[in-house]
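User: I'm new to reading protein models and would like a close look at one part: the places where the pieces meet. Please walk me through it slowly, in one connected answer.

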Number of protein chains: 2
Amino acid sequence: MRQVAAIGIGQTSIGELWQFGLRELASQALKSACADAGIDRQPDALFVANMLASRVSSQAHLGALIADYMGWPGIEATTVEAACASGGAAFQAGVRAIASGMVDLVAVCGVEKMTDATPDVTTAALATAADAEFEGIHGATFVALNALVMRRYMHEYGIPHAAFGPFSINAHANARNNPNAMFKTNVTQESYNRAPMIADPINLLDSSPICDGAGAILLCPLEMAADLSPRTPIRVLASASATDTIGIADRRNLLALEAGRMSAQKAYAQASLAPEDIDVFELHDAFSIMAALSLEAAGFADYGKGVDLAGSGDIALGGRIPICTMGGLKGRGHPVGATGVYELIDVITQLRGEAGANQVRDATIGMAQNIGGTGSTIVTHILGV
Amino acid sequence: MRQVAAIGIGQTSIGELWQFGLRELASQALKSACADAGIDRQPDALFVANMLASRVSSQAHLGALIADYMGWPGIEATTVEAACASGGAAFQAGVRAIASGMVDLVAVCGVEKMTDATPDVTTAALATAADAEFEGIHGATFVALNALVMRRYMHEYGIPHAAFGPFSINAHANARNNPNAMFKTNVTQESYNRAPMIADPINLLDSSPICDGAGAILLCPLEMAADLSPRTPIRVLASASATDTIGIADRRNLLALEAGRMSAQKAYAQASLAPEDIDVFELHDAFSIMAALSLEAAGFADYGKGVDLAGSGDIALGGRIPICTMGGLKGRGHPVGATGVYELIDVITQLRGEAGANQVRDATIGMAQNIGGTGSTIVTHILGV
């Protein structure tokens, strides 16, 4: 099996980008990734990560759409979808395409436009990540399902809502130094505590935003990286994925992200690493409860103790396990199908030592965990310098 | 790179299957494929091919949905989408996952439900395969775009509409012996000529139907096939994909399926084979014009001469290059995201010698060509005994 390396990254800023369509956003990110890698040949294959375009933009078939707009005639191109884990899943597809020996230069592009529709359209589109026949049909939105999990966590472990504040505070603090982040607003424990309720107990500052954005990564065989690009190649040390029940009512333990645990364990095994080897962890804080659960599933805290890592400062840039170092889903933004690609871009940025004011010192191993649905698909990647 | 083999196939009948949802159809096909292979362990990975569920069934995230319903806890699962080429693209993803060495037993499942919505909903959903901003916005449906291509072909080459009749006649004749086919009705040149017009010059008997169905294939490394299953493994000799412009107005030559030509050439090169080596060709006759163009792109006829192969009987079961041997999209049915998987199932059925009354004698090499959009994504696979 061929080793795989990332040699280029590109991203658009995240926000309400009404002036750009899907193809424009994707091409901005892809051109930026090609420029970053110093590459001007077309890739052999394009893997697009997207969740909502079919409903929100009446556009499927994004592989051909984007390859065409990039002026890459004939390349192979497909879309990979696993709800909000689409980005990680598309990256995995790219890694495997190279590992198989069938293609060399691969572009992975996550793109999402969520703001070109009325909120009810986007909310209904997001609910397609859940079980339409057993959850959606009862009117359960995506935030509502996460709210049930958060309420249970608070009840089971006797944790007050305010204890989740440091996740939001940390994400927003880190986003302020990320020029592509959606939010530059400071969050304090006080502003967190008095934020408007969205779906009790999830309030506005527990929630990642509806937004648009695109991120892109160029991959190639590690052995070709030096010939293709002057960039220091970032090695893909592990690529693992797992699923859990689609409906949360079917979980044996609602508070254990079983797919997160399984994919993390597979990833650690592939890389011969353990949680204590990870210098940076880009997790999937779509809601702050998911940050706590992801820390637990990935082995950084015992069950019920993930929230303590936030309170103790362990998740901060200088802490034991820095998370959301460029703002995470909460501060940077969460263009759902693209998010997994942004998480990996942030890991690569840290491993390259290009994170500026947010640089984690001596970061050589980074992990990204991308979650689809309420923990139904979880993709874990470990990258290293 | 590890060689890949197909060891199990399963399918539902195709039709208006209102009594079954997405998960039921998919599980029927998957269970059937597992039974066919004689396997009762869960696969390592599931690749789902689907195009419309997000819009028609308000259900995305089919990987987790189907893995869950199958009782395959924890396996990795994603959806692959390339409009109507989703099936071929998902099969390619499965092949690569195995070739990469990262997984062993893979299930590929194409599933589509098109009939649970009003026709305008399904028509609009199908149009997402085209360019939403430059084609769909003008009201161009999918059949309308194909009608423009067929009209141009007739004009350019001076071919009358009636010359396409043998494609429909052949497909329906072969469907009659396929218990899973949607149509058992006989088509004659006379009934073809007087069929109601859909989008001039495409009439009802040029058009594949709106329908539901699911097909599944189990793949494994060739070297493990004998240990895993008593079935004769069918080898994947080539797996290739290419794209063309998403909008048909941007084609250099509207009548050359450039992505079909490129993916076929890549496939022939991978397998060290030529068109004359192919015993069975399951092509993508969503509309009869596409059958003619696919024959030409794959090298079985010069440009403008594909239709002659139909008239001469060369496409019949005993002919030079049998196509649509189990009914094709026209006769068997075209559950869009699943179709590419059905095409491969039909090739495998022929190579196993299990096609019954429709068996192509001494078939040892088969090809499937799966088309997304009006030729925007084309995936070509070659399989051999």
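Analyst: Let's start inside one chain. In this predicted model, the centres of domain 1 of chain A and domain 2 of chain A, taken over C-alpha atoms, are 23 Å apart. The domain assignment of chain A builds each domain from two stretches of sequence: 4-118 and 210-234 make up domain 1, while 141-200 and 236-384 make up domain 2.

Where these domains touch, 37 residues of domain 1 of chain A are in contact with 36 residues of domain 2 of chain A. On the domain 1 side, the elements that give two or more residues are β1 (4-11), α4 (86-99), β4 (106-112) and β7 (213-221) of chain A. The biggest giver on that side is α4(A), with seven residues.

Strand β7 (residues 213-221) of chain B is mostly covered, with nine of its nine residues buried. Strand β1 (residues 4-11) of chain B pairs with β7(B) in the antiparallel sense, over seven bridges. To find one of these pairings on your screen, look for B:Q11, whose bridge partner in β7(B) is B:G215. Strand β4 (residues 106-112) of chain B is also joined to β7(B), by seven bridges, and these two strands run antiparallel. Here you can look for B:A107, which stands opposite B:L218 in β7(B). A tip for viewing strands: in a regular strand the side chains alternate between the two faces of the sheet.

Next comes the meeting of the two chains. There, 50 residues of chain B are in contact with 50 residues of chain A. On the chain B side, two or more residues each come from α2 (53-56), α3 (62-69), β3 (76-81), α4 (86-99), β8 (234-243) and α10 (258-271) of chain B. Of these, β3(B) gives the most, with six residues. The chain B side divides into 22 nonpolar, 21 polar and seven charged residues.

Let's zoom in on β3(B). Strand β3 (residues 76-81) of chain A and β3(B) pair in the antiparallel sense over three bridges. One pairing to look for is A:V80 with its bridge partner B:V80 in β3(B).

Another contributor on the chain B side is α3(B). Seven of its eight residues are buried, so α3(B) is largely enclosed by the rest of the structure. The buried ones are B:L62, B:G63, B:A64, B:L65, B:I66, B:A67 and B:D68. After α3(B) comes B:G71, which has a positive phi, near 70°.

Finally, step back and see how the two chains are arranged.

Definitions and conventions: Residues numbered from 1 in each chain as written. Chains lettered and ligands numbered in written order. Predicted model: local features only at pLDDT ≥ 70, side-chain atom pairs only at ≥ 80, totals over all residues. Contact = placed C-beta atoms within 7 Å. Helix = DSSP H or I, 4+ residues; strand = E, 2+ residues; numbered from the N terminus. Nonpolar A, V, L, I, M, F, W, Y, C, P; charged D, E, K, R; others polar. Pairing = 2+ DSSP bridges. Buried ≥ 20, exposed ≤ 12 C-beta atoms within 10 Å, placed from the backbone. Domains from an automatic or database assignment.
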